[in-house]
Amino acid sequence: MLYKDFGKTGFKASAIALGTWGIGGAGWDTYEDAVKLDAIVAAVEQGINLIDTAPAYNAGAAERLVGKALEQNGLRNKVFLTTKTGNEFIDGKYVRNGRPERILSLCDESLERLRTDVIDLLLVHWPDPNVPFNETFAALVQLKEEGKVRHIGVSNFSQAQMEEASQYCEIEAYQPQYSMVSRKSEELCRWAAEQGMGVMAYGALGGGILTGRYRTVQEFAPMDSRNRFYPFFKEPLFSQVMGLVQVMDKIAAAHEATPAQVALQWTAARSFVSTCLVGAQTRDKVEDNTKAFDWSLTEEEIRILDQAVEEIQL
Ligand SMILES: NC(=O)c1ccc[n+]([C@@H]2O[C@H](COP(=O)([O-])OP(=O)(O)OC[C@H]3O[C@@H](n4cnc5c(N)ncnc54)[C@H](OP(=O)(O)O)[C@@H]3O)[C@@H](O)[C@H]2O)c1
C-alpha cells in the first residue's frame, strides 16, 4: 500500500480508501451482509486506513455495517473514520438539510451507528442552499469543541463555497468526484491541495466502468447509481470510455494486473490526490484494488494513458 499526506492533518492516508455507498445497499448490486462485513475487514487487512461512509448511504445502513465490522474485529483504532452530514436518504430520495439542530442530532445518530465516540472526519456532503453557511458550520465547530469530531471537511462544494465556509471553520478536507473519466474538478483539487486540504477522489473507478467489468451497455434499474449518478454507462460516453478501457487492458496484461489497478495507480499518481475512494463490496475486489501499488506503470505507459484520457470528450 502507498500512503500519502492527508492535507495538513498530520495523518498519512492509504492511497486507496474504502467507500461504502454500495455497502449501504441502495442503488448498487446486492450482497449478503456477511460478504460486505468481510470486505470491510479485508480492506483493513490490506492496509487501507481510511473508510468513507455517510448517513445518506441507505439511511444509515452503511454506517451500521462499518460500525459492526470495526467493533466486532477490534479495528476501530486502525482507521480514520470519515462520515458525512447535511444530506439524508428519506423514502428513496436524497434530501439536503444543513440546519444546525439536524447537524447536531445527525452526528449523535452517526456515532451510535458507527459504535464509536469520535468521528475522525465529518464532511458536509452537499451544500444546502436554504441554510446560511454560518449556521451549518457553527454546528460543526460545536461538534469539534465537544470532542465528537476531530476534523471538518466538505464534499461537492465550489471554490467560492469552500472560501465562504473557511470563514467559519477550518476546512481540512475536500471530497469531489475525480477519476480518469471525471476530471472537471481537477483545478479545484489542485487549489484545495494548495490550501492544505486532504483531497479525497470519489468514484475513482468511474462507478466501476474503469474495471473492465462492462463491455456492452447494461440495463440497470432506474434508481441504480450507474444510471442516475455516473453518466458514462450510457452512449455516447460509453463507447468513448471503452476506447480507454482497451488501452488499459493492454497495459494491465503486460503487468499481469487488472484495469482497476491501472485506474487507481493513475489517479493516485496525481500529486493533489491524497486518497482514492473505491466502493467494493467483496473481499476479492478489495484485494484486487489494493494490489495497485505492487507494480509500477512505465513512463511510456503513463504517456499513452494520459493521451487516451485526453481524447475522451466529457
Ligand atoms: N461525496 C459524495 O458525494 C460521493 C459520491 C459518490 C461516491 N462517494 C464515495 O466514494 C466511494 C467510491 O465511489 P463509488 O462507490 O460511487 O464508485 P467506484 O468506487 O468508482 O465504483 C464502484 C463500483 O466498482 C465496482 N468495483 C470495485 N472494485 C472492483 C474491482 N476490482 N473489479 C470489478 N469491479 C469493482 C463495485 O462493485 P461491487 O459493488 O459489486 O463490489 C461497484 O460496482 C463511494 O463508495 C462513497 O464512499 C462519495
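Me: Which residues do ring pairs link into a cluster?

Reply: Rings of Phe, Tyr and Trp (its six-membered ring) pair if their centres lie within 6.5 Å; planes under 30 degrees apart count as stacked, over 60 as edge-to-face and the rest as tilted. Here ring pairs connect W21, W28, Y57, Y202, F229, Y230 and F232 in a cluster. Note that this is a predicted model, where local features need pLDDT of at least 70 and side-chain atom pairs count only at pLDDT 80 or more, while totals for chains, interfaces and linings use all residues. Residues are numbered from 1 along each chain as its sequence is written, and side-chain values use heavy atoms, with hydrogens and water left out.

Me: How many aromatic pairs does the rule give?

Reply: The count is 19 aromatic pairs. One of them joins F6 and F11 edge-to-face, with 6.2 Å centre to centre and 65° between the planes. F11 also pairs with F80, and that pair is stacked, at 4.1 Å centre to centre and 10° between the planes.

Me: What does the pair of F11 and F80 tie together?

Reply: Helices (H or I, at least four residues) and strands (E, at least two) are DSSP runs, numbered from the N terminus. F11 is in the loop between β1 (3-5) and β2 (12-14), and F80 is in strand β5 (residues 80-85), so the pair ties together parts that are 69 residues apart in sequence.

Me: Are F11 and F80 buried or exposed?

Reply: Buried means under 20% relative accessible area, exposed over 50%, partly exposed in between (1.4 Å probe, protein chains only). F11 has a relative accessible area of 17% and is therefore buried. F80 is buried because its relative accessibility is 8%. F6 is buried too.

Me: Which residue lies over the face of W266?

Reply: A charge sits over a ring if NZ of Lys or CZ of Arg is within 6 Å of the ring centre and within 35 degrees of the ring normal. In this model R270 lies over the face of W266, 3.7 Å from the ring centre.

Me: Where is T53, and what does its side chain make a polar contact with?

Reply: A polar contact is a pair of N or O atoms within 3.5 Å; within protein, one must be able to donate a hydrogen and the other to accept it, and residues adjacent in sequence count only if both atoms are side-chain atoms. T53 sits in the loop between β4 (50-52) and α3 (61-72). T53 is buried because its relative accessibility is 0%. Its side chain makes a polar contact with the side chain of T20 (3.0 Å). Contact means heavy atoms within 4.5 Å; leaving aside neighbours within four places in sequence, the residues in contact with T53 include T20, V66, T82 and L114.

Me: Which backbone angles deserve a look?

Reply: Most residues other than glycine have a negative phi, and most peptide bonds are trans. A59, in the loop between β4 and α3, has a positive phi near 50°. E256, in the loop between α9 and α10 (259-268), also has a positive phi near 50°. A59 is partly exposed, at 39% relative accessibility, and E256 is exposed, at 80% relative accessible area. The peptide bond from E235 to P236 is cis, with omega near 10°; P236 is in the loop between α8 (225-228) and α9 (237-254).

Me: How many bridges join β6 to β7?

Reply: Two strands pair if DSSP finds at least two bridges between them. Strands β6 (residues 87-90) and β7 (residues 93-96) run antiparallel and are joined by four bridges. I90 stands opposite K93 in β7. The two strands form a hairpin with two residues between them, and D91 in the turn has a positive phi of about 50°.
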